[in-house]
There are 2 protein chains.
Amino acid sequence: MTDDRVLATYRLRVPADQAAGRAEALALEQSIEMPAAAVLDERVLREVVARVDRVEPQPDGSSLAHLALSAESIGSDAGQLLNMLFGNSSLHTDVTLEQVALPPALAQRFGGPNHGVAGVRALTGAHGRALTCTALKPIGSTVDALAALTRTAAGAGLDLVKDDHGWADQTSAPFDARVTACQTAVDDANVRRRDGGRTLYLPSLSGHHGQMQRQIEFARQRGVQGFLVAPMVCGVATFNALAREHRDCVFMAHPALAGAGALAPPMLLGTLLRSFGADAVIFPNHGGRFSYAQQTCQAIAEAARRPMAGIRPALPVPAGGMSVERVTEIVHEYGTDTVLLIGGSLLIARDQLAQRAEAFVAAVHAAGNASAVAA
Amino acid sequence: MTDDRVLATYRLRVPADQAAGRAEALALEQSIEMPAAAVLDERVLREVVARVDRVEPQPDGSSLAHLALSAESIGSDAGQLLNMLFGNSSLHTDVTLEQVALPPALAQRFGGPNHGVAGVRALTGAHGRALTCTALKPIGSTVDALAALTRTAAGAGLDLVKDDHGWADQTSAPFDARVTACQTAVDDANVRRRDGGRTLYLPSLSGHHGQMQRQIEFARQRGVQGFLVAPMVCGVATFNALAREHRDCVFMAHPALAGAGALAPPMLLGTLLRSFGADAVIFPNHGGRFSYAQQTCQAIAEAARRPMAGIRPALPVPAGGMSVERVTEIVHEYGTDTVLLIGGSLLIARDQLAQRAEAFVAAVHAAGNASAVAA
């Protein structure tokens, strides 16, 4: 029976003597949303109500409640999975969702990354080292400025150039014009490359599933092979459907609207978004503009890459105020199956951007060699 | 210029002497995501970077930062609005989004409720009193059980019968079979009504925009005129598009995945979801299973109904563990332009469900009359 259940671990911030009762209330809230005494159907009580497997007091005074949710309630809809895991409970202040283990059959229906670590390496020719990425900023720029920026970044040998996640279909650089110009810039740079590598350009998708499909179709016709999506903005069902409908494309997930921890970042970004189709997952690295603890960042990377039945590993993308000066530290911390994303810290070089981008690439290559020697 | 800006008020939980700097960092984070010093385009600095209008220290030690975001960055995409308002900042623990004022032109592009308070009254024939609603529970039930429940609720004269928000396309009661049976049950009851009223059945939509479109088309062919959607699960762009594509339908918004307050509930549920197309917005009432303060609940109801240029008022739907015994209190608190949603507290009556549903309806009618007399 366990194979048919989604196993979820919640942290309850209630006095220890109330934890068992809170766990039972949580099990009802995240399944049938009514008192068990009001249920007439015995099958529902036996098979559909979430089961409390155990409640463990923690040293910090909280408790961990291990629940088993019925897979029947979820079907194979990623949105419905989030709804059943944490829909109503997201409104509560005393509970967070810490871990999720999907039945292998469900994870395989979601499908996971199309390319994963090895696939993105194959597409970019980046082997034996971490990967490099920058973001096209700022929103409000003209298409010409973005194309020039893309040309410089690709010319410096960056593996990935992605739209800033604030890009939608703005008048200053509408999707179609932006994508056409930036992919052309990448194509031009790739033709000149002599090291066997090539840059991928990842435009940002916006709107609903139908609008994103149109954007993908347009971009694919221009040679684009990957996309940036913010699954918590567009909805995870949309994200999962796009990944399954475009199995030859790379999807990078952005954490916008992911919240400050009620959905634990390793679980949400590392386990779930990977399961739904993220080849790479961006997260705010410690020591930047955001406040994730180092331990949280490590756990995200671990969850993104850990073995999972039938699902490829994803690339963690530490970001959010990183700098070229920190490259060696980041590569040593996360290892080479990592994408280093540096945006503003390249652009601050202004007319020295090309040199700064080349220094970024050189630092990552050097760090990769150092790790290989050390290993 | 103010007319072109989205005005957003954030609460900063930082020491007062850091609030001004935090507000400036927030303005960059929620617009160009890079240091202003790295921007080469003067127009971007002048027109695209979010502007800090003022920062006000509060008695509790927090500060309110009033920002003006460029409408150009947002276009008319509801998802992009959330992204620009709080995408990255949702990852921060020291900031919450308290209030949003949309430029009238943008609110009108989003379009607001199709029917609003008066329209839902016209469709149901519910006048001079609050409206009644129940939810079809529990998930896992058979289609026959749900149809019987619907028949009983509609027979008792409830104005609205909605799917529980846990319903998707489960095998125990697939969408098509469930909707056909429940709408038939409502139609049968409506034929028998002699008081000029009629019950609306609102099925729950799941998946992405294309899947929801198919569900809506199927349901409309069976006579369904309204739907339940969880916009934070499916994405607000999807929700807004559906509301605009089906202008004769009623949309009730469920707060699943709305979070525990970082997006302030009056702003999110009352202002934004109403703007995106919610005719009615469910929220967890105080004194039930959830922990919203009474003041928060009042503010949600006020935001849902306050005058807003070119946008209809929406019906607040206090819910989450309400009981028939609290009807008079709830109607006196919220007034009659309110939907009372009672689920489990009806079902707990088991074989006395019909009588309990009739008592609910009678209590709301009586409370409405009492208010009318008092007014």
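Author: Helix α7(A) passes α8(A) in a right-handed crossing. This is a predicted model, so everything here is read off computed coordinates. In chain A, α7 covers residues 143-155 and α8 covers residues 175-192. Their axes come within 8 Å and cross at roughly 25°. Angles under 35 degrees count as roughly parallel, and α7(A) and α8(A) are therefore roughly parallel to each other.

Now for who touches whom. From α7(A), the contact uses A:V143, A:L146, A:A147, A:T150, A:R151, A:A154 and A:G155. Facing them from α8(A) are A:A177, A:R178, A:A181, A:C182, A:A185, A:V186, A:D188, A:A189 and A:N190. Sort those residues by class and you get ten nonpolar, three polar and three charged.

Over in chain B, there's another pair to look at: helix α4 (residues 78-86) and helix α11 (residues 236-245). The axes of α4(B) and α11(B) come within 6 Å and cross at roughly 145°. Their crossing is right-handed. On the α4(B) side the contact is made by B:A78, B:G79 and B:L82, and on the α11(B) side by B:V236, B:A237 and B:N240. That contact holds four nonpolar and two polar residues, with no charged ones.

As for how the chains are arranged, a rotation of 180° with 0.0 Å of shift along its axis puts chain B onto chain A, at an RMSD of 0.0 Å. The two copies are thus related as by a two-fold rotation axis. Both copies use the same surface, too: 100% of the contact residues of chain B recur in chain A. If you want to find the axis on your screen, look for B:G235: among the residues of chain B, its C-alpha comes closest to the rotation axis, at 2.3 Å.

Definitions and conventions:
Residues are numbered from 1 along each chain as its sequence is written. Chains are lettered from A and ligands numbered from 1 in the order in which they are written. This is a predicted model: local features need pLDDT of at least 70, side-chain atom pairs count only at pLDDT 80 or more; totals for chains, interfaces and linings use all residues. Axes are lines fitted to C-alpha atoms, for helices over the stretch in contact, and angles run from 0 to 180 degrees between N-to-C directions. Helices (H or I, at least four residues) and strands (E, at least two) are DSSP runs, numbered from the N terminus. A crossing is left-handed if the near helix is turned anticlockwise from the far one by less than a right angle, and right-handed if clockwise. Two residues are in contact if their C-beta atoms, placed from the backbone, lie within 7 Å. Ala, Val, Leu, Ile, Met, Phe, Trp, Tyr, Cys and Pro count as nonpolar, Asp, Glu, Lys and Arg as charged, and the others, Gly among them, as polar. Angles under 35 degrees count as roughly parallel, over 145 as roughly antiparallel, 65 to 115 as roughly perpendicular and the rest as oblique. Copies are superposed by least squares on the C-alpha atoms of residues with pLDDT of at least 70 in both.
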